[in-house]
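Please look over the sequence and the structure before reading on.

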Amino acid sequence: MKADAIILEKLWMEELRRLLGCERQSLKLLPKARNNASSPNLTSVIEGYIEITRQQIIRIEQIFGIKNSKARGRKSIAVQRLINEGQNVLYDTILGPVRDVALIATVQKIIHYQISLYDSLAGWSHKLNENRIGDMLAVASDEEKTADHLFSEAAISTINYDAAIDENRKKTTSRYNPKL
């Protein structure tokens, strides 16, 4: 049984490093997303999430301190691909509600990945009798879930509607102006 705990603890530490890398990677994308959003509501939600992400990084670094381990992040290939998708959104869309809905989708994909890491790591922490760390990770997961909800609310309340109106306007205009 002891050998299983050692294997889980190594996996746990590797995933903590991946989570730290993930948070740091997303912190590079978020200011670009904020600067390319047209909705003031979305800009505000992204700004709030940037602060949450900064706090998450500090919290994870504290966890490494508790474990007397250097806070080295590990680059997440999955998050890098999601970031690349987000950058493609910026290149493929013009400033406006369609870009905003695409930015929301991109950020939410990263949030969902992070939630799965936080939840897994919190559960593993408790199994490894690292209850303080497990509680810290559970708080972080709750913060991510709240952020996800705020992005969904921004989309549902106005941005998806604005994007649909914008799309319908383009369809109507193109019927009358075949050059569009």
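## Helix 2 and its ends

The expected span of a helix is taken as 1.5 Å times one less than its number of residues. In this predicted model, helix 2 covers residues 40–66, and its 27 residues reach 39 Å from the first C-alpha to the last, which is close to the 39 Å expected. The N-terminal end of helix 2 is capped by Ser39, from which a side-chain oxygen lies 3.2 Å from the backbone nitrogen of Asn41. After helix 2 comes Asn68, with a positive phi near 50°.

An α-helix has 3.6 residues a turn, so residues three or four places apart point the same way. The buried residues of helix 2 include Leu42, Val45, Ile46, Tyr49, Ile50, Thr53, Gln56, Ile57, Ile60, Ile63 and Phe64, and Arg59 is also buried.

## Helix 3 against helix 4

Helix 3, residues 77–92, and helix 4 have axes that come within 9 Å and cross at roughly 175°. Because angles over 145 degrees count as roughly antiparallel, helix 3 and helix 4 are described as roughly antiparallel to each other.

Among the residues that meet are Val79, Leu82 and Ile83 in helix 3, and Leu103, Ile110 and Tyr113 in helix 4. The residues of this contact divide into 10 nonpolar, two polar and three charged.

## Glu130 in a loop

Between helix 4 (97–127) and helix 5 (131–176) runs a loop that holds Glu130. Glu130 counts as buried because its relative accessibility is 19%, and buried means under 20%. Leaving aside residues up to four places away in sequence, Glu130 touches Trp12, Lys67 and Ser125.

Definitions and conventions
Residues numbered from 1 in each chain as written. Predicted model: local features only at pLDDT ≥ 70, side-chain atom pairs only at ≥ 80, totals over all residues. Heavy atoms only, no water. Helix = DSSP H or I, 4+ residues; strand = E, 2+ residues; numbered from the N terminus. Buried < 20%, exposed > 50% of the residue type's maximum accessible area, 1.4 Å probe, protein only. Polar contact = N/O pair within 3.5 Å; in protein donor to acceptor, adjacent residues only side chain to side chain. Contact = heavy atoms within 4.5 Å. Axes fitted to C-alpha atoms, helices over the stretch in contact; angles between N-to-C directions. Parallel < 35°, antiparallel > 145°, perpendicular 65-115°, else oblique. Nonpolar A, V, L, I, M, F, W, Y, C, P; charged D, E, K, R; others polar.
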